[in-house]
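Reader: I am new to protein models. Could you take me through this one?

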Amino acid sequence: MPVPVPRQRAIPAVECGQAQAAPAVGGPSKEEAPRTDDRNDHRDEAKNPTVGDDAATKGDRVPPGVSAAAHTNLTLLLIEDDPAAAPIVPGLIDSAGKPIRVRTARNLTEAERLLTDDVHCILLDLALPAPGRTADDDELAVLRHVLKLAPRHAVLALTASGDAERGAQAVRVGAQDYLFRDELDGRLLSRAIRYAVERKRSDTAERRLAEGKLRAQENARLERGLLPTPLLEGSPLRFAARYRPGRSRALLGGDFYDTVRTPDGTVHAMIGDVCGHGPDEAALGVELRIAWRALTLAGLCGDELLNTLQQVLEHERDDDEIFATLCTVDIAPDGRRAGLCLAGHPAPLIARPDRPARLLPYENNGPALGLLPGARWPRMQVELGAQWSLMLYTDGLIEGRVGEGRERLGQDGMVEMIRRQLASGLQGEDLLRAAVNEVRELNGGELTDDVAVVLLDRVP
């Protein structure tokens, strides 16, 4: 919004609490003598919009969610090149019975100086010439100039009586309404100002809502395209996943996962977590996931794979403090054994029909990626058996609170929860959905961290 610029001459404007402007006949009113220079007044108003308000509105605090216009006087900026013929009459009031303040500018240069943030509505004489244009140019050029100058303000177009077509065209161009010069009175103009301000506010809210929906749809399409599609063709294993980002209205967070089957029949699964859960962390997680898939399909595994991923992380991160935890599992073609690598990540959970669900060994857990240059990540051999369910997860699933205290669910609480849900017959997508929902309920509301869970089942 343009800020008033000091000039060497007086500003030909009037403004008072009773909305009195230059009268149509005669000189200034007794209540207000001509001002020689009110530049300081307008600069003060730009800093403190309550200047010029009646005593009842000074110092009022606007409650959250309530429009400021409902608690302060409305201000009208009249752009009219002949103040002696100005159509404004005394007694303009808003819906709360407060006086509508009036400022008058002879041309668009003065209007730009007077167009501070506390102006709510502009009344524009369409006969006013636009800068750099002649009478033969676009007859609405002055309106287009004002709309460009004040895109957030309500605009009323003032035209000659009977020129309804020009007024309607002004509304099509962007004005909130049009008025006939010779038919104005205080009541009509007051109502038109209130209507224009509310319509502008409604149009602005509607436009922002539409823009927000469009942005959300575009983000959803983008983020949905970044979520992985498992490559398990030819594998007897069943796959399920559940993802809940911590960011409000987001589909993607700093957690990431993937599953692929290499030509030798080995199924590789991975889940990871970039510290933080903003858009930058989400982008880095996608880069790590894509790098993991490419390296895995190229034949890398275990310590060699994680060392290369650490190099990718160090190259792509914006801050040396950024790190990522990771869990990788490579399941043999016969499905009975697997190799496990942990980089600062919680150990997976395994469930079998003949024994309770438990965590896989995590004694050889290596450091998170990005923390220690030249780190090593041992690969542990794990026996799975003939029938099993393997669940990989991020710490968002175990760090939610339990009740109103500071106690966390933790890995032990998660294991007990999964045991109970398995005993009730839940499996696959239903099991993951129930687990995430219960963790959320125990937390007493939405989880603040991202949550990703992957489930692989082998049924003979």
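Reader: Which residue just after α4 takes a positive phi?
Author: This is a predicted model, where local features need pLDDT of at least 70, side-chain atom pairs count only at pLDDT 80 or more, and totals for chains, interfaces and linings use all residues. Residues are numbered from 1 along each chain as its sequence is written, and side-chain values use heavy atoms, with hydrogens and water left out. Helices (H or I, at least four residues) and strands (E, at least two) are DSSP runs, numbered from the N terminus. Just after α4, a positive phi of about 155° is taken by G174.

Reader: Within what arc do the buried residues of α4 fall?
Author: Buried means under 20% relative accessible area, exposed over 50%, and partly exposed in between (1.4 Å probe, protein chains only). In α4 (residues 164-173), R166, G167 and A170 are buried. Take the directions from the helix axis to the C-beta atoms. Seen down that axis, the buried residues line one face of the helix, because they fall within an arc of 100°.

Reader: Which residues are exposed on the other side of α4?
Author: The buried residues pack against α3 (141-149), β4 (154-159) and β5 (177-180); contact means heavy atoms within 4.5 Å. On the other side, the exposed residues are E165 and R172.

Reader: What kind of aromatic pair do Y178 and F180 form?
Author: Rings of Phe, Tyr and Trp (its six-membered ring) pair if their centres lie within 6.5 Å; planes under 30 degrees apart count as stacked, over 60 as edge-to-face and the rest as tilted. By this rule there are two aromatic pairs. The centres of Y178 and F180 are 5.7 Å apart and the planes stand at 65°, so the pair is edge-to-face.

Reader: Is F180 buried or exposed?
Author: Y178 has 25% relative accessibility, so Y178 counts as partly exposed. F180 has 18%, so F180 counts as buried.

Reader: What kind of pair do Y243 and Y257 form?
Author: Both Y243 and Y257 are buried. Their ring centres are 6.2 Å apart and their planes at 40°, so the pair is tilted.

Reader: Which strands stand at the edges of the open sheet of five strands?
Author: Two strands pair if DSSP finds at least two bridges between them. The order is β7-β8-β9-β10-β13, with antiparallel pairing. Each edge strand has a single partner, so one side is left without a neighbour in the sheet; these strands are β7 and β13 (380-383).
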